[in-house]
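Subject: Structure handover

Hi,

Here is the structure I promised to pass on. Please open it alongside this note, as my findings follow below.

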Amino acid sequence: MTTEATAATEAPEEGASNASLLGAAEGGEQTTTQAEGDGNGTNQAADGEAEKPAGPPEKYEFTAPEGFEVDQDSLTGFEDMAREAGLSQEQFAKVTEHGLKYFQDALGKQAEIHAAREKGWRDSALSDSELSDGKALLPGVMENAGKVFDQFGGNDLRKALAETGAGNHPVIIRALHQIGKALGVAGTPDVGKPAPDTKRGGSFEDMASRMYGKGS
């Protein structure tokens, strides 16, 4: 409603020959004025000019829906094409509304597909007895994954996995679990090998005796 009213104000100032349609929306006085200004209102109706929509306005009016971010460069390019095609403000508004609805519907369907896929990953992980008890990940799995987060990526990695849904994928969970286990093994000190006997002699004869035996 707002955009159409704006077009009705601007078109008569530009002297458009098809402003009679806009005048009809305003009232009878505008129609009379238009006929007098043309000097030949009968020919205009006969020629069918009165049936044509208003031409492009000086500036298209566009209000983005709530929560919808508009790329200004893309909008400018669209306005240029609309002006080249001769779209009126009303036509521009209708085409824009249809296009936005189409993309919103498409994005909504994509979101539904991703949500269903992520739920499938989650259900699969919870049904894996090596990773879960059926309700949540096993404590050992969480602990090993935590080791990976602590050493590689931290909260940024946690956030990325959460935002993309990849943190529910059983392959990702299993990989983090295995990497964490490997990190734990690598960090365990080697206590099985006895320390060298530093009390024994350090002379050349003592070392030769230990290496080759006393009979050498």
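Which residue follows H5 with a positive phi? Gly86 does, and its phi is near 80°. Keep in mind that this is a predicted model.

Overall fold

The chain comes to 10 helices and zero strands. Along the sequence, the pattern therefore reads α-α-α-α-α-α-α-α-α-α under the DSSP assignment. Of its 216 residues, 20% count as buried. Among contacts with a separation of 6 or more, 64% join residues 24 or more positions apart.

Helix H5

H5 covers residues 72-84, which makes 13 residues. From first C-alpha to last, H5 reaches 18 Å, close to the 18 Å expected at 1.5 Å a residue. Leu75, Glu79 and Ala82 are its buried residues. These three sit on the same side of H5 because they cover an arc of only 60° around the axis. The general rule is that an α-helix has 3.6 residues a turn, so residues three or four places apart point the same way. The face turned away from the buried side of H5 carries the exposed residues Asp73, Met81 and Glu84. H6 is included in what covers the buried residues of H5.

Tyr60

Where does Tyr60 lie? Tyr60 is in the loop between helix H4 (41-47) and H5. Is Tyr60 buried or exposed? Its relative accessible area is 2%, so Tyr60 is buried. The cut-off for buried is under 20%. Not counting residues up to four places away in sequence, Tyr60 touches Glu79, Ala82, Arg83, Leu87, Ser88, Gln89 and Phe92. Two of those names come up above: Glu79 and Ala82 are buried residues of H5. The C-alpha atoms of Tyr60 and Asp80 are separated by 9.8 Å, and the two residues are 20 apart along the chain.

Gln104

Gln104 is found in helix H6. Its relative accessible area is 38%, so Gln104 is partly exposed. Which residues is Gln104 in contact with, leaving aside its neighbours within four places in sequence? They are Pro65 and Phe68. Phe68 is 36 residues from Gln104 along the chain, with 9.5 Å between their C-alpha atoms.

Largest pocket

This may be the part you want to look at yourself. How much space lies in the largest pocket? The value is about 410 Å³. The pocket is lined by 21 residues, and the closest to its centre are Leu137, Met142, Gly167, Asn168 and Ile173. H7 provides the largest share of the lining, five residues. By class, the lining has 13 nonpolar, four polar and four charged residues.

Helix H7

H7 has 13 residues. From first C-alpha to last, H7 reaches 19 Å, close to the 18 Å expected at 1.5 Å a residue. Which residues of H7 are buried? Val141, Asn144, Ala145, Gly146, Val148 and Phe149 are.

Best wishes

Key: Residues numbered from 1 in each chain as written. Predicted model: local features only at pLDDT ≥ 70, side-chain atom pairs only at ≥ 80, totals over all residues. Heavy atoms only, no water. 1 Å grid on protein atoms, 1.4 Å probe; cavity = no way out; pocket = protein on both sides within 12 Å on 5 of 7 lines; lining within 4 Å. Points joined across faces, edges and corners; volume = space filled by probe spheres on them. Helix = DSSP H or I, 4+ residues; strand = E, 2+ residues; numbered from the N terminus. Nonpolar A, V, L, I, M, F, W, Y, C, P; charged D, E, K, R; others polar. Expected span 1.5 Å × (residues − 1). Buried < 20%, exposed > 50% of the residue type's maximum accessible area, 1.4 Å probe, protein only. Arc of directions from axis to C-beta. Contact = heavy atoms within 4.5 Å.
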